[in-house]
Amino acid sequence: MFLKQTVKRNPMLVETGFDLMRRKEILPDTYVVDTDAYLANAAKILAEGKRQGVDLYFMLKQTGRSPWLARELVKLGYAGAVAVDFREAQVLMDHGIPICNVGHLVQCPRGFLKEIVAYEPAYMTVFSLEKIREIDLEAAAQGKTMKLLLKVVQDQDMLYSGQTAGFSLDELPALLDALDKLEHVQVAGVTSFPAFLFDEARGQIEPTHNLETLAKARQILADRGIEEINVNAPSATCVRTLQAMKDYPFISRAEPGHGLSGSQLLLWRRSLPPVPCAPGPGGAVAGGSGVLPGAAAAAGVH
């Protein structure tokens, strides 16, 4: 999907990939990343986030969950990573990378709760009371209190297949009553996915109905006296999306992923920053190794 734009805007990355293959320095199913461009993209997104007052958690996505890239992003000024599943969290934990949000697409399994609670991520996303109770029990055993992001949903929301979980707005009052009885979890915000999406007909990134759900959920929490509510509004996070967020001042967090690698649909249609610098969706099979920055550096691309 992104090959033409990558060839047009970052031909040296493509040439380097072929060169490394010809010299047998990399195997098939290897991610080759232009890390100079990647980090330049990340810096621009981070700067725009600061201008808009939106804190950012990075998501490594198809760049192979590279610990090297994660460390560089932290050096750049990102608070930490979002881990959508426990395998990604394991890689981050093994290399001492701060985790700001874990469990958004896949809640942390019971067998991994001991490790993740001990690591103390800033937030854990949840969408079932059963999981919340499991977290509360483990946090109690470790003498900790974990901050929760409640994944919320309404019937009109945009949801991807297999991601239809979440608490309805009608459920929130009773849920908050139940959580008042738990001593080792704290409701600290709400989240939904996707809050923004590329509109192909209009050729630009637009808010989804999920954003209205987030605003209503935030108000429910505020009416209960919950302060410092984290409204996490991920998907399609890039400079353009962050600029659009100025119209939604209740948003406090976002999670750039494809924006870092320049592999968003907006960038497929239009030659806008950021620069394509890594495989796009479907560009490599999950599980490939990351070439960062060693072998690529030998050919002049980091």
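1. A word on the basis first. This is a predicted model, in which local features need pLDDT of at least 70 and side-chain atom pairs count only at pLDDT 80 or more, while totals for chains, interfaces and linings use all residues. Residues are numbered from 1 along each chain as its sequence is written, and side-chain values use heavy atoms, with hydrogens and water left out.

2. The overall picture. The chain has 13 helices and 13 strands (DSSP runs, numbered from the N terminus: helices are H or I of at least four residues, strands E of at least two). Of its 302 residues, 51% are buried (under 20% relative accessible area; exposed is over 50% and partly exposed in between, with a 1.4 Å probe and protein chains only). Among contacts with a separation of 6 or more, 65% join residues 24 or more positions apart (contact means heavy atoms within 4.5 Å).

3. The cores. The largest nonpolar core holds 65 residues, and Ile116, Ile132 and Leu150 touch the most other members (a core is a set of buried Ala, Val, Leu, Ile, Met, Phe, Trp, Tyr and Cys residues joined through side-chain atoms within 4.5 Å). Helix H3 (residues 35-52) gives the most to this core, with 6 residues. A second, separate core has 8 residues, including Met59, Val84, Cys100 and Tyr123.

4. Leu150 and helix H8. Setting aside residues up to four places away in sequence, Leu150 touches, among others, Val126, Ile132, Leu172, Leu175, Leu176 and Leu179. Leu172, Leu175, Leu176 and Leu179 are the buried residues of H8 (residues 172-179). Viewed down the axis of H8, they fall within an arc of 100 degrees, so they line one face of the helix (the arc is that of the directions from the helix axis to the C-beta atoms). Their cover includes helices H7 (129-142) and H9 (209-223), as well as strands E6 (146-153), E7 (167-168) and E8 (185-191).

5. What does the side chain of Gln107 reach? Gln107 sits in the loop between strand E4 (99-102) and helix H6 (113-119), and is buried at 14% relative accessible area. Its side chain reaches the backbone nitrogen of Phe127 at 2.7 Å and that of Ser128 at 3.4 Å. Beyond neighbours within four places in sequence, Gln107 is in contact with Thr125, Val126, Phe127, Ser128 and Lys131.

6. The aromatic pairs. The whole structure contains 5 of them (rings of Phe, Tyr and Trp, the last by its six-membered ring, pair with centres within 6.5 Å; planes under 30 degrees apart are stacked, over 60 edge-to-face and the rest tilted). Phe58 and Tyr78 are edge-to-face, 6.1 Å centre to centre with 85 degrees between the planes. They link loops on either side of helix H4 (67-76), 20 residues apart. Phe58 is buried at 0% relative accessibility, and Tyr78 is buried at 2%.

7. Phe196 and Tyr248 lie 6.2 Å apart centre to centre, at 75 degrees between the planes. Phe196 is in strand E9 (residues 196-199) and Tyr248 in the loop between helix H10 (239-244) and strand E12 (253-254), 52 residues apart. Phe196 is buried at 1%, whereas Tyr248 is partly exposed at 24%. Ring pairs also bring in Phe250, making a cluster with Phe196 and Tyr248.

Technical notes
A polar contact is a pair of N or O atoms within 3.5 Å; within protein, one must be able to donate a hydrogen and the other to accept it, and residues adjacent in sequence count only if both atoms are side-chain atoms.
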